[in-house]
Amino acid sequence: MNRDIIADILTSIRNADMNRKETIRIASTNITEKIIKILLREGFIENVRKHRENNKYFLVLTLRHRRNKKESYRTILNLKRISRPGLRIYSNYQQIPRILGGMGIVIISTSRGIMTDREARLARIGGEILCYIW
């Protein structure tokens, strides 16, 4: 039985954000590195570094949190897995959804690699919708 790597990443980030953890460690693969690079570039996480332990590579993520501790805690990151191994969701570039009117991002796997919805629209290519992040 295969594991859904993307769902594992999103779940670990979501759980760490809800528990106010500052850093998390996830397994490093090509897909995870590309998705984390997009999250870093879009400002959803603060920092990423690659760590090697027992001939295995891990990505150590530093999450972005609210600094004001007096207010009640609200999660900053909302992540939703769309396409999954049991049901793949594809879209052409014209029908890629906009999240919160462009405030959130859609991560898409295209023939040119994993990219955001804005990059896919500019390149005029569609693909598999992996997840929504807002």
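**Talking through the strands and helices**

User: In the hairpin of β2 and β3, which residue takes a positive phi near 55 degrees?
Analyst: Strands here are DSSP runs of E with at least two residues and helices are runs of H or I with at least four, both numbered from the N terminus. The hairpin has 2 residues between β2 and β3. In this hairpin, the positive phi near 55 degrees belongs to Asn54.

User: What kind of model is this?
Analyst: Residues are numbered from 1 along each chain as its sequence is written, and side-chain values use heavy atoms, with hydrogens and water left out. Local features need pLDDT of at least 70, side-chain atom pairs count only at pLDDT 80 or more, and totals for chains, interfaces and linings use all residues; the model is predicted.

User: What is the strand order of the open sheet?
Analyst: The sheet has 3 strands with antiparallel pairing. Its edge strands are β1 and β2, each pairing on one side only. That goes with the order β1-β3-β2.

User: Why do the buried residues of α1 line one face of the helix?
Analyst: Buried means under 20% relative accessible area, exposed over 50% and partly exposed in between (1.4 Å probe, protein chains only). The buried residues of α1 are Ile6, Ile9, Leu10, Ile13, Ala16 and Asp17. Going by directions from the helix axis to the C-beta atoms, they line one face because they fall within an arc of 135 degrees.

User: At what angle does α1 run to β1?
Analyst: Axes are lines fitted to C-alpha atoms (for helices, over the stretch in contact), and angles run from 0 to 180 degrees between N-to-C directions. Contact means heavy atoms within 4.5 Å. α1 lies across β1 and β3, and its angle to β1 is about 170 degrees.

User: Which residue just after α1 has a positive phi?
Analyst: α1 covers residues 5–18. Just past its end, a positive phi of about 60 degrees turns up at Arg20.

User: Is Asp117 buried or exposed, and at what relative accessible area?
Analyst: Asp117 sits in helix α3. Leaving out residues up to four places away in sequence, Asp117 touches Ile96, Pro97, Ile105, Val106 and Ile108. Asp117 is buried, because its relative accessible area is 3%.

Note on methods. Expected span 1.5 Å × (residues − 1). Pairing = 2+ DSSP bridges.
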